[in-house]
Amino acid sequence: MIGAARDPPSQSGKCVTPGDLYCPLRPSNSNVVINASGHVQELPRNFSLLSLAGIGLVVGNVWPAIGGSILVAIYNGGPPGVLYEFITVSVFYWLVAISIAELASAIPTSAGVYHWASVTPGVGTRLGKTLGFFAGWWNYLAWIMGAASMASIFGNTIVQMYALNHGGFEAKAWHVFIVYIITTWVSCAAVCFGNKAMPHVNNFGVFIILAGFIITIIVVTAMPGRGGRPPHAPSSFVWTEWTADIGYPDGFVFLAGMLNGAYSVGSVHATTPLSEEIPFPQINVPKAIGLQVSIGFVTGLSYLIAIMYAIHDFDALYDSPYPIAEIYRQATGSVAGATGLLALVMICIGLTVVGLLVDCGRTLWSLSRDKVTPFPNILGSINHSLDVPVASTVTSAALVTLLGCIYVGSTTAFNAFVGTFILLSSSGFLAAILPNLLTGRKNIKFGPFHLPGWVGFVVNGVACAYMLVWFVIYCFPYYLPTDAASMNYASLIWGGLTMLVALWWFFGVGDDYEGPQTTGGIISEAEAIKGAIKPVTSGQDV
């Protein structure tokens with residue numbers, strides 16, 4: 001199937017590999033390569049399936065992320081709440097991931113939900129243009145919030161490692177801020193100047209995340225009860241002793257407590273911004289999503305079970321500014337042991353910040369090339385000496401820095417911004433999946449990964465229902481009674497950001513804005529000959 005180019009052909013498409021398409025519409029420019037987005041291919045396809053799955057694992061980073069933010073989960077039911085809430089929210093996100101993988105197989109583009117939300121309601125429709133525009137911004141802002149939260153967790157990890165080894169040290173917000181800023185800009189430099197090494201960095205990320213997981217599991221399960229240390233917690237404490245005193249009924253506590261699990265597993269689309277940088281993306285991107293989700297669930301659940309059994313003084317967790325450090329100290333019985341385990345978290349989170357800035361930069365670049373953002377000629381450009389969208393990556397790092405400044409001024413305000421990550425990413429998912437469902441799943445040409453018949457409707461429907469219902473639940477106050485300092489401002493922040501996007505939609509975007517046009521089926525001649533890709537028409541089962 002041939003896709004028309006919407007960009008003027010240029011010689012910037014410099015990599016001709018499987019996954020691209022020669023543009024036959026302009027014979028004088030027959031060497032111009034058009035990819036699934038309908039744009040000229042500008043980035044080299046230097047990622048393999050392993051390195052792409054690596055960035056999914058690095059950005060998802062389930063076990064370090066859930067460990068770094070575990071205090072929120074502990075309040076919502078204690079250890080049983082942590083475990084059962086994680087399992088439940090993971091099941092729902094499997095359905096979201098399957099829905100996203102299907103769209104990525106049909107239209108493997110760096111624009112992700114922005115492109116899919118634009119075409120699933122119908123190409124060129126006013127609804128499609130509007131939904132796509134908002135979905136693109138929601139998705140980008142979610143990545144910014146994710147990068148800010150991970151940089152904060154990295155800063156907290158460094159500061160608490162120091163505090164563990166220096167008795168009497170009192171951590172301040174500005175201590176975390178200094179590490180936060182250094183981490184953000186070192187990561188930005190790594191993304192901009194180390195693009196050729198990035199696949200290898202992601203391969204290393206796979207190794208360190210899995211190795212760190214295995215080491216942590218062995219240590220926290222083997223050391224309690226030995227050498228005079230307190231024994232493991234009883235199974236009743238881990239699996240049945242529900243503890244929640246936050247002012248809500250137990251049922252609602254469980255539902256609201258799924259937020260922490262959603263934060264750790266919610267970035268199921270982490271690999272899609274690199275869809276234009278891997279051969280055979282119609283096949284490899286869904287595979288990478290599957291690897292990310294499955295490995296993340298197994299490591300995350302196993303990690304949670306292990307650290308819950310390592311707790312012997314539950315009340316001490318509430319008094320600790322960074323509970324995972326206290327859990328490690330209780331498990332190992334020593335400051336040195338806890339410091340060593342925190343070092344593993346530190347390395348994993350550091351790689352996550354790098355991966356998130358990769359996603360931030362690619363996402364902003366993909367929006368800018370469609371003139372969705374201010375300064376599109378700058379933010380939508382590629383530095384061809386580095387093969388990186390440098391301007392969009394640096395801009396993203398600057399926005400993450402701005403959120404860090406808010407952290408110094410008010411921890412409550414910063415946490416509200418970070419909590420908005422789930423609302424923003426869910427909004428983008430809904431904007432892409434729900435129109436596909438409501439239009440009978442017939443407006444795109446499905447790729448090799450396609451949900452047949454009623455299965456697609458059920459998977460999409462349950463995924464959308466989950467996001468719609470829990471969008472509201474995640475906006476409730478964290479506990480009752482609440483006050484200005486402890487209020488959940490996620491809905492306010494989401495609403496404020498959405499209003500800013502709306503203002504740009506009405507007053508900043510020109511009348512010539514078209515939005516994405518391709519609906520799938522763009523494959524290269526090489527793929528067709530090899531028989532690796534079999535596009536299917538709307539409604540046709542694979």
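The model is predicted. The chain has 542 residues, and 59% of them count as buried. Its secondary structure comes to 20 helices and two strands. The average pLDDT is 85.

**Overall build**

- Take contacts between residues at least 6 apart in sequence: 80% of them join residues at least 24 apart.
- The chain exposes about 19500 Å². Carbon and sulfur atoms supply 69% of that area.

**Confidence**

- A pLDDT of at least 70 is reached by 89% of the residues.
- Residues 1-30 stay under 50 in pLDDT. The model gives this stretch 87 contacts beyond four places in sequence.
- Residues 524-542 also stay under 50. Here the model has 45 contacts beyond four places in sequence.
- Where pLDDT is low, the predicted coordinates should not be read in detail.

**The nonpolar core**

- The largest nonpolar core has 158 residues. Tyr-93, Tyr-328, Tyr-466 and Tyr-474 have the most contacts inside it.
- Helix H6 (residues 126-164) gives this core its largest share, 19 residues.

**A surface patch**

- Trp-174, Ile-178, Ile-182 and Val-186 form a nonpolar patch on the surface. Together they have about 420 Å² of accessible area.
- One of them, Ile-182, is found in helix H7 (residues 173-193).

- Ser-396 sits in helix H16 (residues 390-409). Its relative accessibility is 0%, so Ser-396 counts as buried.
- Leaving aside neighbours within four places in sequence, Ser-396 is in contact with Tyr-140, Ile-144, Leu-357, Cys-360, Gly-361 and Leu-364.
- His-269 lies in the loop between helix H10 (250-265) and helix H11 (281-309). Its relative accessible area is 2%, so His-269 is buried.
- With neighbours within four places again left out, His-269 is in contact with Ile-100, Asn-139, Trp-143 and Phe-429.

**Salt bridges**

- The count comes to five salt bridges.
- Arg-441 and Glu-102 meet through their side chains, 2.7 Å from N to O. Arg-441 is in the loop between helix H17 (411-438) and helix H18 (453-473), while Glu-102 is in helix H4 (residues 78-106). The pair links distant parts of the chain, 339 residues apart.
- Why do both partners count as buried? The cut-off is under 20% relative accessible area. Arg-441 counts as buried because its relative accessibility is 3%. Glu-102 counts as buried because its value is 0%.
- Glu-276 and Arg-369 form another salt bridge, at 2.6 Å from N to O. Glu-276 lies in the loop between H10 and H11, and Arg-369 in the loop between helix H14 (335-368) and helix H15 (376-379). They are 93 residues apart. Both Glu-276 and Arg-369 are buried.
- Arg-362 forms a salt bridge with Glu-277, with the closest N and O atoms 2.9 Å apart. Arg-362 lies in helix H14 and Glu-277 in the loop between H10 and H11, so this pair ties together parts that are 85 residues apart in sequence. Arg-362 is buried at 1% relative accessibility, and Glu-277 is buried at 0%.

Notes:
Residues are numbered from 1 along each chain as its sequence is written. Side-chain values use heavy atoms; hydrogens and water are left out. Helices (H or I, at least four residues) and strands (E, at least two) are DSSP runs, numbered from the N terminus. Buried means under 20% relative accessible area, exposed over 50%, partly exposed in between (1.4 Å probe, protein chains only). Contact means heavy atoms within 4.5 Å. Accessible areas come from the Shrake-Rupley method with a 1.4 Å probe; for residues, only the protein chains shown count as cover. pLDDT is the predictor's confidence in each residue, from 0 to 100. Patches are made of residues with over 30% relative accessible area and no salt bridge: like charges are joined within 9 Å, nonpolar side chains (Val, Leu, Ile, Met, Phe, Trp, Tyr) within 5 Å. A salt bridge is a side-chain nitrogen of Lys or Arg within 4 Å of a carboxyl oxygen of Asp or Glu. A nonpolar core is a set of buried Ala, Val, Leu, Ile, Met, Phe, Trp, Tyr and Cys residues joined through side-chain atoms within 4.5 Å.
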